[in-house]
Amino acid sequence: MTIENLSMNKSFGGWHKQYSHFAKTLNCNMRFAIYLPPQASNGENVPVLYWLSGLTCTDENFMQKAGAQRIAAELGIAIVAPDTSPRGEGVADDDSYDLGQGAGFFVNATQAPWNRHYQMNDYIVNELPALIEATFPVSDKRAIAGHSMGGHGALTIAMRNPERYSSMSAFSPISNPMTCPWGKKAFTAYLGKDKNTWRNHDASELMRQAKQFLPAKVDQGGADDFLVEQLKPETLIAAAKVSGYPLEYRLHDGYDHSYYFIANFIEEHLRFHATYLSK
């Protein structure tokens with residue numbers, strides 16, 4: 001578990017740090033960012049919020065644009081932002097933005113050539129937390145959140161592994177990837193043509209069938225260009241009603257798909273997670 005520090009910046013009394021390491025799960029070098037609040041420098045093992053970003057993003061988008069550090073410092077929560085896919089020479093890719101590098105969809109690929117590197121579910125659930133908890137002054141209390149493709153990842157990973165997370169949240173998640181162009185394209189490439197294998201990676205399908213619940217919060221912008229064709233939040237709302245899932249959903253008039261939207265409401269998400277991380 002050797003890691004290399006790439007950069008560090010002091011922020012609100014804590015530290016934002018960027019690291020590289022070889023990920024055995026993904027068979028390539030990966031980069032992640034971590035924000036360690038000031039409490040982590042005072043002998044306290046702090047809980048961790050894992051943030052999963054959207055298509056084309058890296059570890060940098062959230063850390064630089066969301067404005068989350070001030071509240072994380074107040075609450076004593078570390079934030080870990082991994083990359084959105086394997087990257088590098090020899091890693092399978094595609095010319096389009098919504099498949100390949102930058103578009104891992106947080107699933108374990110079963111189809112060649114993607115299955116050699118694209119095991120993002122196992123990386124997020126197992127390898128990365130093990131590395132974080134062995135290296136930094138953090139506890140094993142975890143929450144997970146994300147945006148768009150990362151919102152899909154946060155919701156599906158949490159519902160598939162409810163014992164590992166205290167809560168889950170998402171901004172503008174791809175709620176029903178089985179039925180939208182982004183999801184159909186990625187799932188066909190990574191998982192194959194059998195749609196029965198897609199259901200375990202669809203937030204609406206998982207929420208509809210859920211027997212074990214986690215606190216869940218979703219915020220969506222009403223002026224989001226992807227709302228109707230790609231995101232389909234109405235399917236998630238309907239699924240929650242079927243299973244009785246405790247989903248807190250809000251639609252915000254006028255807000256789009258950008259980090260301007262996320263920056264407005266990230267404080268509420270951090271305080272939401274803090275409530276359950278402290279229990």
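## A walk through the sheet, its helices and its cores

Nine strands, numbered 1 to 9, make up an open sheet: 9 strands in the order 1-2-3-5-4-6-7-8-9, with mixed pairing. Strands pair if DSSP finds at least two bridges between them. Strands (E, at least two residues) and helices (H or I, at least four) are DSSP runs, numbered from the N terminus. The edges are strand 1 (3-11) and strand 9, each of which pairs on one side only. From one strand to the next, the twist averages 20 degrees.

This is a predicted model, in which local features need pLDDT of at least 70 and side-chain atom pairs count only at pLDDT 80 or more, while totals for chains, interfaces and linings use all residues. Residues are numbered from 1 along each chain as its sequence is written, and side-chain values use heavy atoms, with hydrogens and water left out.

Start with strand 8. A170 has V218 of strand 8 as its bridge partner. F171 has D219. On to strand 9: 6 bridges join strand 8 to strand 9, and these two also run parallel. Here D219 stands opposite R250 in strand 9.

How many of the residues of strand 8 are buried? The count is 6 of the 6, so strand 8 is largely enclosed by the rest of the structure. Buried means under 20% relative accessible area, exposed means over 50%, and partly exposed lies in between (1.4 Å probe, protein chains only). A216, V218 and Q220 point one way from the strand. K217, D219 and G221 point the other way. Both sets are buried.

Helix 4 packs on it and touches strand 4 (46-52), strand 6 (138-147), strand 7 and strand 8. Contact means heavy atoms within 4.5 Å. The direction of helix 4 makes about 135 degrees with that of strand 6. Such angles run from 0 to 180 degrees between N-to-C directions, with axes fitted as lines to C-alpha atoms, for helices over the stretch in contact. Helix 8 packs on the sheet too, touching strand 8 and strand 9, and its direction makes about 150 degrees with that of strand 9.

Helix 4 is mostly covered, with 11 of its 12 residues buried. Among them are M149, H152, L155, I157 and M159.

Next, the cores. A nonpolar core is a set of buried Ala, Val, Leu, Ile, Met, Phe, Trp, Tyr and Cys residues joined through side-chain atoms within 4.5 Å. The largest one has 68 residues, and I144 and Y190 touch the most other members. Helix 3 gives the most to this core, with 7 residues. Another core, of 25 residues, lies apart from it and includes I77, A81, F171 and Y259. Counting contacts beyond four places away in sequence, Y190 touches residues including L99, F105, V107, W114 and Y118.

Last, the rings. The structure holds 17 aromatic pairs. Rings of Phe, Tyr and Trp (its six-membered ring) pair if their centres lie within 6.5 Å; planes under 30 degrees apart count as stacked, over 60 as edge-to-face and the rest as tilted. Why is the pair of Y118 and Y190 stacked? Their centres are 5.5 Å apart and their planes are at 20 degrees, so the pair counts as stacked. This pair links distant parts of the chain, 72 residues apart. Y118 sits in the loop between strand 5 (78-82) and helix 3 (120-135), and Y190 in helix 5 (residues 181-191). Y118 is buried, at 1% relative accessible area. Y190 is buried as well, at 0%.

F213 and Y245 form a tilted pair, 4.8 Å centre to centre with 55 degrees between the planes. F213 lies in the loop between helix 6 (203-209) and strand 8 (216-221), and Y245 in the loop between helix 8 (233-243) and strand 9 (247-252), so the pair ties together parts 32 residues apart in sequence. F213 is partly exposed, at 36%, whereas Y245 is buried, at 5%. There is also an aromatic cluster, formed by W51, F62, F171, Y255, F261 and F265.
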